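Dear colleague,

Please find below the structure that I am handing over to you. My notes on it come directly after.

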Amino acid sequence: MSATLTGSGTALGFSCSSKISKRLSSSPSTRCSIKMSVSVDEKKKSFTLQKSEEAFNAAKNLMPGGVNSPVRAFKSVGGQPVLIDSVKGSKMWDIDGNEYVDYVGSWGPAIIGHADDEVLAALAETMKKGTSFGAPCLLENVLAEMVILAVPSIEMVRFVNSGTEACMGVLRLARAFTNKEKFIKFEGCYHGHANAFLVKAGSGVATLGLPDSPGVPKAATSDTLTAPYNDIEAVVKLFEAHKGEISAVILEPVVGNSGFIQPTPEFINGLRQVTKDNGALLIFDEVMTGFRLAYGGAQEYFGITPDLTTLGKIIGGGLPVGAYGGRRDIMEMVAPAGPMYQAGTLSGNPLAMTAGIHTLKRLKQPGTYEYLDKITKELTNGILEAGKKTGHPMCGGYISGMFGFFFAEGPVYNFADAKKSDTEKFGKFFRGMLEEGVYFAPSQFEAGFTSLAHTPEDIQFTISAAERVLGRI
């Protein structure tokens, strides 16, 4: 079901090596030695991020911006980034001992909940045999068969190590198979940080207010064509203007990197037809939506079968993974079966395969997606109703375990609509919810995720917190 609506104790220590200390000694703000002891008291404690602040100040001298992925720096929402110490089920705990109900879920993989006991036990057994083989293993066969049986478009699959890598590989494959170089992507859709995709890419690029990325040569994007999401006429015009030159159309079948945006039936059905009519391939980037909207992903949910599909996140159960797959005749172009080269040292890693296998087993159980739909509906409706009660224009929607809301009247059909949101108000809401013990994505332009570990009590706790925060801003 979908909807679019308007209206114990831990300890942490950190110290810089002498080599790093010497390099950073010229910076007056450097805090190279941090000694921390975190005791998580059973009693309710006041909200503080002191230890996160100390650790983040040190991190900024060690890593660009203090993080290894830009959105984690809280640039678009303001305030102090949170450093996480542990996760379990629907909850996260930071190094200051604050507890949060988590709706990021490691950006999607944690669909059965963080640190699931069965997955951890399976990983422990696999680790006894080794952590990386660099050679084929039986676990690859098992997960590949599960993916092929689940996803309508996939007859063969290639495992890689990230969603970015999957999208790089699938674009090269589409170009190799069609012998055409141009492709169409949509404004606000993010397909990883490969050069050809960093054009009107949404997600972290939108969060930071960067139109594109420096360092991307013009030649790398000269064959990248863009159109507004949900605008089939714009796509038709691109095919007319570049007749016989377009290899593929790639999209997030439900956008998660401009906030949560659903496709219209006319748009998604029209893409299938226009690609067939012009000898181009239709590619669904299901890194987010795969195994989340339905067991067979967005393509099962919408009843549209693309030619190629990318996957990630859930199929690794929280470990680094990616995959691309599709029709057998196309996939047999991939080396060593065919001439299109792509390789990876850690591809098919036994730990990622194990976590993916046990995650998919859990998702296959009866009632899984019905439960996700139920709690996500309650959450989304509750937040939007809280906005209505407190006089804040809001809109949003959900499908299964994926949701989003905008501080805008709406409706939101594309990235241009999404950018009309009140991002300053979202920042206030985000920071207020953090203090209430709820962790949303630190950007207006990111979707949220629920999991099987979220309880009805988690949902009511979140809605009550939203009413209080929205009443204050």
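Confidence

Please bear in mind that this is a predicted model. The mean pLDDT of the chain is 90, and 88% of the residues reach 70 or more. Two stretches call for caution. Residues 5-43 have a pLDDT below 50, although this stretch makes 64 contacts in the model beyond near neighbours in sequence. The pLDDT is also below 50 over residues 206-211, where the model has 10 contacts beyond near neighbours in sequence. Where pLDDT is low, the predicted coordinates should not be read in detail.

Nonpolar cores

The largest nonpolar core holds 36 residues, and Y103, F405, F429, M433 and F440 are the ones that touch the most other members. Two or more residues are contributed by each of β6 (99-102), α13 (368-389), β15 (402-406), α15 (423-436), β16 (438-439) and α16 (456-472). The largest share, 6 residues, is that of α16.

Apart from neighbours within four places in sequence, Y103 contacts L379, F403, V438, Y439, F440, G448, F449, T450, H454, D458, I459 and T462.

Helix α2 (residues 50-59) is largely enclosed by the rest of the structure, because 7 of its 10 residues are buried. The buried residues in α2 are S52, E54, A55, F56, N57, A58 and A59.

A buried aspartate

D458, one of the contacts of Y103, is located in helix α16. With a relative accessibility of 6%, D458 counts as buried. The side chain of D458 makes a polar contact of 2.8 Å with that of S90. Beyond its neighbours within four places in sequence, D458 touches S90, K91, V101, Y103 and A453.

Salt bridges and cysteines

The whole structure contains 15 salt bridges. Three of them are described here.

- E118 and R362 pair through their side chains at 3.4 Å, N to O. This bridge links distant parts of the chain, with E118 in helix α3 and R362 in helix α12, 244 residues apart. E118 is exposed, at 52% relative accessible area, whereas R362 is buried, at 17%.
- E436 and R468 form a salt bridge of 2.7 Å, N to O, between their side chains. Here too the pair links distant parts of the chain: E436 belongs to helix α15 and R468 to helix α16, 32 residues apart. E436 is buried, with a relative accessible area of 17%, while R468 is partly exposed, with 38%.
- D329 and R327 meet through their side chains at 2.8 Å, N to O. D329 is partly exposed, with a relative accessible area of 41%, and R327 is partly exposed as well, with 27%. Both residues belong to a network of salt bridges that links R272, D307, R327 and D329.

The structure has 0 disulfides. Among the cysteines, C167 is buried at 0% relative accessibility, and C395 is buried with a relative accessible area of 3%.

Backbone details

Which peptide bond has an omega near 10°? That bond runs from A335 to P336 and is cis; P336 lies in the loop between α11 (328-331) and α12 (350-363). The peptide bond from G410 to P411 is also cis, with omega near 0°, and P411 is in the loop between β15 and α14 (415-418).

Two serines have a positive phi. For S106 the value is about 60°, and for S400 it is about 50°. S106 sits in the loop between β6 and α3 (117-127) and is partly exposed, with a relative accessible area of 43%. S400 is in the loop between β14 (395-399) and β15 and counts as buried, at 3% relative accessibility.

Finally, A220 is placed in helix α7 (residues 218-221) and is partly exposed, at 25% relative accessibility. The C-alpha atoms of A220 and A194 are 9.4 Å apart, while the two residues are 26 residues apart along the chain.

With kind regards

Conventions. Residues are numbered from 1 along each chain as its sequence is written. This is a predicted model: local features need pLDDT of at least 70, side-chain atom pairs count only at pLDDT 80 or more; totals for chains, interfaces and linings use all residues. Side-chain values use heavy atoms; hydrogens and water are left out. A nonpolar core is a set of buried Ala, Val, Leu, Ile, Met, Phe, Trp, Tyr and Cys residues joined through side-chain atoms within 4.5 Å. Buried means under 20% relative accessible area, exposed over 50%, partly exposed in between (1.4 Å probe, protein chains only). Helices (H or I, at least four residues) and strands (E, at least two) are DSSP runs, numbered from the N terminus. Contact means heavy atoms within 4.5 Å. pLDDT is the predictor's confidence in each residue, from 0 to 100. A disulfide is a pair of cysteine sulfur atoms within 2.5 Å. A polar contact is a pair of N or O atoms within 3.5 Å; within protein, one must be able to donate a hydrogen and the other to accept it, and residues adjacent in sequence count only if both atoms are side-chain atoms. A salt bridge is a side-chain nitrogen of Lys or Arg within 4 Å of a carboxyl oxygen of Asp or Glu.
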